[in-house]
Amino acid sequence: MGILTDRQVQLSKLPDGMKERYLADGNGLCLRLRAGKDTAAQKKHWVLRYMMSGVAKKHGLGAYPLVSLAVARDLAVAANRKIQAGIDPIESKATAAAIRHADTVAQSLGDHPQTVAELGATWLSQYAAKKHTDKSYSAAVFKNHIDPVLGKLRLELLRAKHVSGLLDAIHSRGASRTCGVVLSTLRQAIKWGMAREYIAGDITAGLKGSEWGGKGQMRDRTLKDGEIMLLHHLVENSSLTPRWKHGIWLILSTGTRVEETLLAEVAHVDLEKNEWRIPVENQKKVNGNAKPAEHIVHLSPFARAQMLSLVALADGGQGRFLFPSRVQKDDVEQPANEKTLTHVVTDRQTDEPKTGRTQQSDELALPGGHWTPHDLRRTLSTQMGELGVASDVIDRCINHVTGDLVKQTYHLQLLRAQMQDAWTIWSDKLSSLIAQASADTATRNTVKGGIVRRLAKQELDRKVRKQVRTAATAKLDKKKESL
């Protein structure tokens with residue numbers, strides 16, 4: 001217990017003629033009485049006296065009566081604990097004030113995320129939107145997996161156990177690959193936040209996606225010769241629009257990325273020179289020392305035929321995009337979403353209906369399993385290698401950046417002729433496969449027969465569903481009448 005009482009503190013005054021006086025309460029706590037400018041007015045402050053490294057110091061604890069005797073004693077106890085631990089409470093207070101000031105300045109300069117969700121939103125808008133080609137994918141990872149569980153958690157409270165718990169829950173649902181994607185996305189946001197001092201450290205440093213089976217297998221799906229021949233029949237007899245049919249063959253014959261292809265404009269195509277220019281802004285964003293450069297695709301005879309049809313479909317060349325979106329903004333033509341073609345192809349390789357999808361069937365299913373438009377690009381790369389094309393030429397054809405700045409700068413012009421030859425060699429084989437497929441009447445008739453049976457089944461299913469709905473409506477009407 002201290003020496004002073006509440007009444008003593010309340011009634012304490014400076015003796016006449018004194019300008020300052022200390023009333024000790026014990027353990028270094030004192031009530032400091034000082035005369036103001038008006039001699040009738042007196043100021044009372046709590047002060048903790050202590051020694052630090054042989055130097056006498058005074059630490060202010062607040063003014064009385066705003067800070068009562070009881071509160072002052074609690075503050076003194078806390079300060080004495082710091083002193084015993086070798087921490088100077090004056091310096092600690094100054095550091096805390098500096099941190100608060102820094103936070104205030106940071107907030108005045110822009111968003112200062114406080115929670116995991118706010119960090120994700122800030123990272124997506126300030127970094128991913130500029131650096132990631134598929135920023136919508138990262139946004140979906142936060143929206144669907146991270147935010148529902150960790151979104152409201154404050155950054156200073158975020159721990160590795162929270163992240164591992166999230167990954168355990170995802171893994172329990174059988175989505176092991178998603179674990180790796182979630183961990184990678186969250187780690188990128190955290191490291192970005194660390195550089196801006198939004199978060200103190202990388203709490204994911206000790207976590208590995210492989211612990212949850214989330215490292216994933218590198219996709220190596222390529223189409224074999226027989227599958228390419230079968231694909232010819234499947235595509236030609238499918239419900240795909242002509243534009244998507246030509247888009248599939250264009251990617252297979254040129255090796256371009258899906259997003260690059262869907263952003264193509266009529267103005268980028270020169271049919272006289274047999275060239276398709278892909279501007280830097282339409283290409284995949286890469287890190288490192290890669291030097292941005294326009295990618296020029298030589299249109300082989302096969303690719304030129306596809307491009308010629310696409311230009312004609314683009315309003316006879318009057319439209320802007322080869323793959324325009326059905327949704328326009330302010331009556332201005334927009335390109336198709338980068339995911340559209342992937343969805344179009346995927347939805348035609350399944351018998352399991354998904355909510356919100358209207359065009360679903362197995363009409364594009366191949367014997368080798370599920371395939372994507374990106375697999376067509378990998379098929380070109382593999383086929384060119386089997387045809388004897390050098391790996392560095394293949395890399396240039398598919399616009400794959402190797403990271404060697406010298407090669408990027410000096411080997412570009414040297415490989416122009418080799419790149420053109422590579423596209424032509426692949427075009428010749430592709431044309432040969434399509435010609436063989438066209439001559440294979442048995443396969444063509446089998447595919448057509450399968451399509452007829454599928455359409456008949458769909459019509460039967462439609463009639464059955466209509467009958468069920470009619471019966472349900474009649475039953476409901478009868479129940480209403482009875483009421």
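**Exercise 1. Decide whether Val269 is buried or exposed, and find what surrounds it.**

Step 1. Val269 has 15% relative accessibility, so Val269 counts as buried. Buried means under 20% relative accessible area, exposed means over 50%, and partly exposed is in between, with a 1.4 Å probe and protein chains only.

A note on the source: this is a predicted model, where local features need pLDDT of at least 70 and side-chain atom pairs count only at pLDDT 80 or more, while totals for chains, interfaces and linings use all residues. Residues are numbered from 1 along each chain as its sequence is written, and side-chain values use heavy atoms, with hydrogens and water left out.

Step 2. Locate the residue. Val269 lies in strand β5, residues 269–270. Helices (H or I, at least four residues) and strands (E, at least two) are DSSP runs, numbered from the N terminus.

Step 3. List the contacts. Leaving out residues up to four places away in sequence, Val269 touches Glu275, Trp276, Leu299, Met307 and Leu322. Contact means heavy atoms within 4.5 Å.

Step 4. Check one of these by distance. Val269 and Leu299 are 30 residues apart along the chain, and their C-alpha atoms are separated by 9.4 Å.

**Exercise 2. Work out the strand order of the sheet that holds β5.**

Step 1. Start from the bridges. β5 and β6 (residues 275–278) run antiparallel and are joined by 2 bridges. Two strands pair if DSSP finds at least two bridges between them.

Step 2. Name a pair. The bridge partner of Val269 in β6 is Trp276.

Step 3. Write the order. The sheet is open, has 3 strands and reads β5-β6-β7, with antiparallel pairing.

Step 4. Find the edges. β5 and β7 (295–298) each have a single partner strand, so one side of each is left without a neighbour in the sheet.

**Exercise 3. Describe the sheet of 4 strands and the helix that lies across it.**

Step 1. Give the order. This open sheet runs β1-β2-β3-β4, with antiparallel pairing. β1 (20–26) and β4 (55–63) are the edge strands, each with a single partner, so one side of each lacks a neighbour in the sheet.

Step 2. Axes are lines fitted to C-alpha atoms, for helices over the stretch in contact, and angles run from 0 to 180 degrees between N-to-C directions.

Step 3. Follow the bridges. β2 (residues 29–35) and β3 (residues 42–52) are joined by 7 bridges. Leu29 has Leu48 of β3 as its bridge partner. Leu48 in turn has His59 as its bridge partner in β4. β3 and β4 pair over 8 bridges, in the antiparallel sense.

Step 4. Look at the turn. β3 and β4 form a hairpin with 2 residues between them, and Ser53 in the turn has a positive phi of about 60°.

Step 5. Place the helix. α2 (residues 69–84) lies across β1, β2, β3 and β4, at about 20° to β3.

**Exercise 4. Examine helix α13 and find what its buried residues pack against.**

Step 1. Check its span. α13 (residues 373–386) has 14 residues and reaches 20 Å from first C-alpha to last, close to the expected 20 Å. The expected span is 1.5 Å times one less than the number of residues.

Step 2. Pick out buried residues. Among them are Pro373, Leu376, Leu380 and Met384.

Step 3. Name the partners. The buried residues of α13 pack against α8, α9, α10, α12, α14 and α16.

Step 4. See what comes next. Gly388 follows α13 and has a positive phi, near 95°.

**Exercise 5. Classify how α16 packs with α13 and with α9.**

Step 1. Take α13. The axes of α13 and α16 come within 10 Å and cross at roughly 100°. The two helices are therefore roughly perpendicular. Angles under 35 degrees count as roughly parallel, over 145 as roughly antiparallel, 65 to 115 as roughly perpendicular and the rest as oblique.

Step 2. Name the residues. Leu380, Gln383 and Met384 of α13 make the contact with Ala422, Trp423, Trp426 and Lys429 of α16.

Step 3. Take α9. α9 and α16 pack at about 135°, with axes 9 Å apart. That makes α9 oblique to α16.

Step 4. Name these residues too. Trp249, Leu252, Ser253 and Thr254 in α9 meet Trp423, Trp426, Leu430 and Ile434 in α16.
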